[in-house]
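Open the model in your viewer and keep the selection tool ready.

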Amino acid sequence: MIPYGRQHITDEDIAAVIETLQSDFLTQGPKIAEFEQAFATYVGSAYAVAVNNGTAALHLGVMALGLQPHQKVITTPITFVASANCIQYCGAQVLFADIDPTTYLIDIAQVEALCQTQSDVVGIIPVDFAGYPVHMEQLHAVAEKYGLWILEDACHAPGAWFIDSCGNKQFCGNGTYSNATVFSFHPVKHIATGEGGMITTNSKQVYEKLCMLRTHGITRNPEIMLENHGPWYYEMQELGYNYRITDFQCALGLSQLKRANNGLTRRNQIAEKYNKAFAHTCIQTPQVADSVYHAYHLYVIQVLNRLELYTYLRSKEIFTQVHYIPVHTMPYYKAQGYKQGDFPIAEAYYEHCLSLPMYPSLTNEQQDFVIQTILEFYNT
Ligand SMILES: *Cc1c(COP(=O)(O)O)cnc(C)c1O
C-alpha cells in the first residue's frame, strides 16, 4: 500500500521518546522549551510556542493577535478547514479570497479588493498551500496599507522560503512579513509528534500572550502578576485553554527536526522526478517560481478524469488524495451564506486536483510504480 503521505520514525526517534518517558517530566518539563528553541532557530524567529496541535496553534494565534466577534478575517478556500474555523472560534466572520490559478495560493489582488469593499477586516490568514510559500512581502504591503495583522498558516511549509525584493531568503515563520506563523506536527506533515503544533513570532508581547493562553490564561511571571501571595501563587488573568503538548512529543519533535532538511531535499527530488515523468503528457504538474524553495508537503497534479484515475490507482494499492474540497462549499459555511460559484478559480481547481504520494521514505521503486501506473492509465 502506498499512501499520499506518511511519517518516518527511526530508532533514534524511539530512543528519544523512551528517554523522556523515563525522565522526571512527561509534561511541563524541559523538552518543551528545548523543542521551541530549536524550532525558532530552524525557521529564524525570535520566539516559538509549542501546543497540542496545529488547530490549537491557529486558535491561540488569532486570539493573541486580536479578534473580536464583530470583526472579519480573510483566508483562502483551498486549505484545510482549520484555517477558517479558528476565526469562527472567536465568533468572528470568515471572508474568503479566491486563489491564483498558477500557484493555487490566495490571490493577493483579491485580498486587496476585499479590504476596499468590506468593513471591520482585521487580519489575513494566508496558507503556504502544498508547501509553496506565499509571497509574504507583497501580502504584507497590503496588510500595512489596511492596518491588518497576518497569521501565516505554514502547516505545509516548515523549511520553505522565498527571495524578497532585497534578495534576502525569507523562511516561512521567520516573522519578517507576518505577525505570527503556525505549524502542525500531524504525522502527514514534515515533522511528526503524533499531534502537535507550533506558533512562531518576533513579538515579545504576542509570545507572552500565547504562553498564557496555552495554559488556562494563568501566569506565574511576577513581573505581570497583580498580586503575589508567595511561591505557590499563580494568577488567571484571562480565559485560556489547556492546549499544552507533552515532553515526550517534544522529544520526538526534536529528534525529527534534525532530519527535517534531509526530508525537504528528498521531497524536492521526488517532485523533480514526477515533473520529468509527466512533462510531455496531459498531466498538469506544479508551476513553481524560481525565487522559491518549495517544501512539497503535497505534490498536486491537475488531470482530466480525476475520479477514474483515483479509482484506478486505488485498485493498484496507490492511495492518492484530494486537497482540498473548497472550504466555502462545506455545509457549515454554506449555512453562513456562501455558495457554489462564489470562488470559481478555487472550484475549477478542485474539479481536477489530485495529490500523489509524497514523503521522504517513498522509495524510487515505489515512485516508479506510481508513475508507470499513471502513464498506463492515460495510454489505455
Ligand atoms: C494540518 C493542517 C492544519 C491543522 O493541523 P492539526 O495539527 O491537524 O490540528 C491547519 N492548517 C493546515 C493548512 C493544515 O494542513
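Start by selecting Gln 302 and Tyr 104: their side chains make a polar contact at 3.2 Å. A polar contact is a pair of N or O atoms within 3.5 Å; within protein, one must be able to donate a hydrogen and the other to accept it, and residues adjacent in sequence count only if both atoms are side-chain atoms.

This is a predicted model: local features need pLDDT of at least 70, side-chain atom pairs count only at pLDDT 80 or more, and totals for chains, interfaces and linings use all residues. Residues are numbered from 1 along each chain as its sequence is written, and side-chain values use heavy atoms, with hydrogens and water left out.

Stay on Gln 302. Its place is in strand 13, residues 299–302. Helices (H or I, at least four residues) and strands (E, at least two) are DSSP runs, numbered from the N terminus. Is Gln 302 buried or exposed? Its relative accessibility is 16%, so Gln 302 counts as buried. Buried means under 20% relative accessible area, exposed over 50%, partly exposed in between (1.4 Å probe, protein chains only).

Next, select helix 3, residues 54–65. Of its 12 residues, 10 are buried. Among them are Leu 58, His 59 and Leu 60. At the helix start, a side-chain oxygen of Asn 53 comes to within 3.0 Å of the backbone nitrogen of Thr 55. After the helix comes Gly 66, with a positive phi near 105°.

Two strands pair if DSSP finds at least two bridges between them. Finish on Trp 161: its bridge partner in strand 12 is Tyr 293.

Definitions and conventions: The expected span of a helix is 1.5 Å times one less than its number of residues.
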